[in-house]
Amino acid sequence: MGDSQRFYLTVTAAGRLVMHGWWGSETTARRKFSSWVGEYGSMPGARITLTDEQQGSVLTSWPGEG
C-alpha cells in the first residue's frame, strides 16, 4: 500500500459501511474527518473512524469512547 492510501476514513451506521475514503496526507484526512462528523454525525448509530493503515492504529473516532 502506498502513502496515497495511508489514512483511511470510514462512516458506519447500524454496523454498515456508509462512506469511506483514503488520503495520503494526515492533515487532509483529519480535515475530512471533521467535515464528515458535521455531515454524517447526526445519522442514528453513526460512527466515524480515522485509521493510520501504515501504523495499524486508530487516530481518532467519533463519538469518542465514553
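Helices here are DSSP runs of H or I with at least four residues and strands are runs of E with at least two, both numbered from the N terminus.

The model is predicted, so local features need pLDDT of at least 70 and side-chain atom pairs count only at pLDDT 80 or more, while totals for chains, interfaces and linings use all residues. Residues are numbered from 1 along each chain as its sequence is written, and side-chain values use heavy atoms, with hydrogens and water left out.

Ser25 caps the N-terminal end of helix 1, with a side-chain oxygen 3.3 Å from the backbone nitrogen of Thr27. Buried means under 20% relative accessible area and exposed over 50%, with partly exposed in between (1.4 Å probe, protein chains only).

| Side of helix 1 | Residues |
|---|---|
| Buried | Ala29, Phe33, Trp36 and Tyr40 |
| Face turned away from the buried side, exposed | Thr27, Arg31 and Gly38 |

The buried residues of helix 1 cover an arc of only 75° around the axis (from the directions of the C-beta atoms), which puts them on the same side of helix 1. They pack against strand 1, strand 2, strand 3 and strand 4, where contact means heavy atoms within 4.5 Å.

Note on methods:
Polar contact = N/O pair within 3.5 Å; in protein donor to acceptor, adjacent residues only side chain to side chain.
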